[in-house]
Amino acid sequence: MSDSNEPAEGTASRVFPKAPRAKLQAQLRAAILSALVLTLLTGCVFPLLLFAIGRPLFPRQSAGSLVTRGTAVIGSELIGQQFTRPEYFQSRPSAAGNGYDGTASGGTNLGPNNPKLRNGAADFAGIQQLAEEYRKRNGLAPDTPIPIDAVTRSGSGLDPDITPANAVLQIPRVARARGLTEEAVQRLVANHTKGPQFGFLGNPRVSVLELNLALDERR
Amino acid sequence: MRWLEYIVFLALVVGLALPVGLYLARVAQRRRTYLDPLLRPLESLLYRLLGVRPEEEMSAGVYIVCFLLFGAGCTIVLFLVLIFQRVLPGGPADVYLTTPLTLDLAGNTAVSFTTTTTWQAYAGENTLRYLAQLIGLVAQNFLAGAAGLAVGFAFIRGLARERSATIGNFWVDLVRSLLWVLLPLALIGSLVLVWQGVPLNMAPYTLAHTLEGGTETIAQGPVAALEFIKNLGTNGGGFFNANGAHPYANPTPFTNFLGMLAIAVLPASLMITFGHMTHRPRAGWTLLMVMVALFLVGLVVCDWAEAQAPPQLAGLHIIGGNMEGKEVRFGVGESVLTAIVTSNTSTGSYNSMHDSYQPLGVLPPLVFMLLGEVVFGGLGAGVYSIVMAALVGVFLGGLMVGRTPEYLGKKISFAETRWIALYALLTPLVVLVLTGIAVIATAGRAGLATNTGPHGFTEILFAYASSMANNGQAMAGLNANSVFYNMTTAIAILAGRFGLAALALALAGQFAAQRRLPITSGTFPSDTPTFGALVFGTILLVGALCFFPALALGPIVEFLRH
């Protein structure tokens, strides 16, 4: 494009007034100063302002919605944890670290057609194996339909919730292990089932930690 | 229920476009707003500090140079913050910072965050100090977003002005975008996030003693400071590795929905700003409707692919849509909505793992990035993305009827066509060449740590499409923290940010210098459903011509083979 300095007819050649002469030095100075000054404004002043307003307004949330029993922190109501004992409702399988590692969030990233996802590998339980284990643990017949959240790993590996259908299948096991009636456990599950937020956002869910805490408190 | 949410979302985006778009026009044109008494003094103070004369306008060339210099300055500041982050005080403790910030990783991250890409080859919770997240990343989420919005304003002025040698002052647009748009909205939005449960602290990682007597360490941090502006500035890089899937980053369906609105409303409203400032409001609405139509096509395909029971699990008696890599609180509905919104807008703040999507589920996000983020698009960048696509349509329409094409009274002759053609060719050129190199090179194939075959190819194509579109989302099975990927994705990021913006601004300069032609009976109208259909068809046609072979090797063959 050798003619790039000669604008085509009807364009810049007829323009008045001309643009002011650019002073590169002034622009360079503005670039350096703005990178520094605006970084201070948005990276220091903004967070300080946010902390000054947000922490007094929402002290519990800003500290991470931690759940304490006595003086000990037992977790966060937002972060899922691992449950293995029969008297507790169990969370979804997790790919965060070795399972529910709160410092290593993430999913499996296995493609849907990757054979490892269904069939597993030496150090990895596939969906088929997870489904068999789930049925065995809960005393279900081999052709009982299982809700998919019970045998898949979440994106964060820290999913605090399970679907109500998943909780319902675990009720008989939990009731037996605790010597409670199924109706009593069912009532607790119903009480701890959250519907879609504001009536239309997201899915119905049961927070596993909240439900298990409620079970413990019942004793 | 899913569809109710989709419809409410689109209704809100379109409904808010008019008031917000008119407000953005006031910001761009330096007219009075309700925030003036509070912000005018701060604005003048900043101009004095920076040595900027706000009345002084710039030609397109100078505007581009300032945009580049500012990007370079920010990249250097961020690079230094990242390199020296270990000397910063505060958490998290050194034992948790297991990913070393090598020079190539710091360079890639610096380039990525100063361009709204926020491609993350690292995991936040085991790489960065809290103060590096604040001073480094939060700041760049604001600045890169504001610089994009500034370029959007300048581009609109190019089409709005007649016989003008200038298209605005970059520093003024930058400062006003920050003060009048991003900072106030981010302050309110971040507080809403804290209310919903997003942490805002500098505490060490929490050691919890679980109900069963085990222990669990929970990452903490000033999460809320980043999580709203990452969406508002169409950046998308999260505080934690799992980004929007992490329950601390995105604790409720409402925080997710609010985040999606934060992403889409400003870019959609800019189409109204565009129509208002060019005095052709219907032209702005027409392009917005093209966006909505494309959005719906992608949403329907992705929803269909993800909501059905995964065919791969047939015979296992498992019921429900594809939940691998998805959170229960979002389900398929909010995951799909988020995949479409974030892939459309150069944001990439995914809340579910796209690598585990069905082949036809990952196709719409991938295609939207390859098409150049024309649907809503990046903050500011969306305006020129869709207008450039429309100009290709105008050019093709002009060829068909044998007239000199024009758009909004601006003639598209040789000088203009040159910029449009270069713009249209840059994305396929960069994405396809880099994908080709990565597939041939051993270092490129070494990234396929999780998946192989067509799915692995899709991961590589996705990585470069995402970098070029300044999107930043990944099919995270690709192991991208290597010198090869850190360097090559950085090239795509720079081309996508500065290459495309420079071409668009050069065109804006040409348009600003032109006179506006009067509307005659021979004018091809640019504000009718017919024109909308022409643009819609052109986008899909040009996209298919460029990328169908690559897509056929990736998601399409994976779909057909299984």
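Visitor: What makes one face of strand E2 (residues 215-218) of chain B the covered one, and which residues are on it?
Guide: In this predicted model, B:Glu216 and B:Ile218 make up the covered face of E2(B), while B:Thr215 and B:Thr217 make up the uncovered one. In a regular strand, side chains alternate between the two faces of the sheet.

Visitor: How do you know that strand E1 (residues 206-209) of chain B and E2(B) pair?
Guide: Pairing requires at least two bridges between the strands. E1(B) and E2(B) have 4 bridges, in the antiparallel sense, so the pair meets the requirement of at least two.

Visitor: What is found between the strands in the hairpin of E1(B) and E2(B)?
Guide: There are 5 residues between the strands, and B:Gly213 in this hairpin takes a positive phi near 90 degrees.

Visitor: Why are strand E3 (residues 146-147) of chain A and strand E3 (residues 318-319) of chain B said to pair?
Guide: The rule asks for at least two bridges. Within E3(B), B:Ile319 is the bridge partner of A:Pro147.

Visitor: How many residues does each chain give to the contact between chain A and chain B?
Guide: Chain B gives 114 residues and chain A gives 106 residues. On the side of chain B that touches chain A, helix H6 (residues 170-196) of chain B supplies the largest share, 9 residues. That side of chain B divides into 64 nonpolar, 35 polar and 15 charged residues.

Visitor: Which residues touch the most other members of the largest nonpolar core?
Guide: The core has 210 residues, and those with the most contacts to other members include B:Tyr63, B:Cys66, B:Met291 and B:Ala465. Helix H5 (residues 130-160) of chain B gives the largest share of this core, 22 residues.

Visitor: Why is this core said to lie between domain 1 (24-60) and domain 2 (67-218) of chain A?
Guide: Both domains give residues to the core, so it lies between them. The centres of domain 1 and domain 2 of chain A, taken over C-alpha atoms, are 42 Å apart.

Visitor: What is B:Met291 in contact with, leaving aside neighbours within four places in sequence?
Guide: B:Met291 is in contact with B:Ala268, B:Val375, B:Phe376 and B:Ile386. The contact cut-off is 7 Å between C-beta atoms, so each of these four residues has its C-beta atom within that distance of the C-beta atom of B:Met291.

Definitions and conventions. Residues numbered from 1 in each chain as written. Chains lettered and ligands numbered in written order. Predicted model: local features only at pLDDT ≥ 70, side-chain atom pairs only at ≥ 80, totals over all residues. Contact = placed C-beta atoms within 7 Å. Helix = DSSP H or I, 4+ residues; strand = E, 2+ residues; numbered from the N terminus. Nonpolar A, V, L, I, M, F, W, Y, C, P; charged D, E, K, R; others polar. Core = buried A, V, L, I, M, F, W, Y, C linked by C-beta atoms within 7 Å. Buried ≥ 20, exposed ≤ 12 C-beta atoms within 10 Å, placed from the backbone. Domains from an automatic or database assignment.
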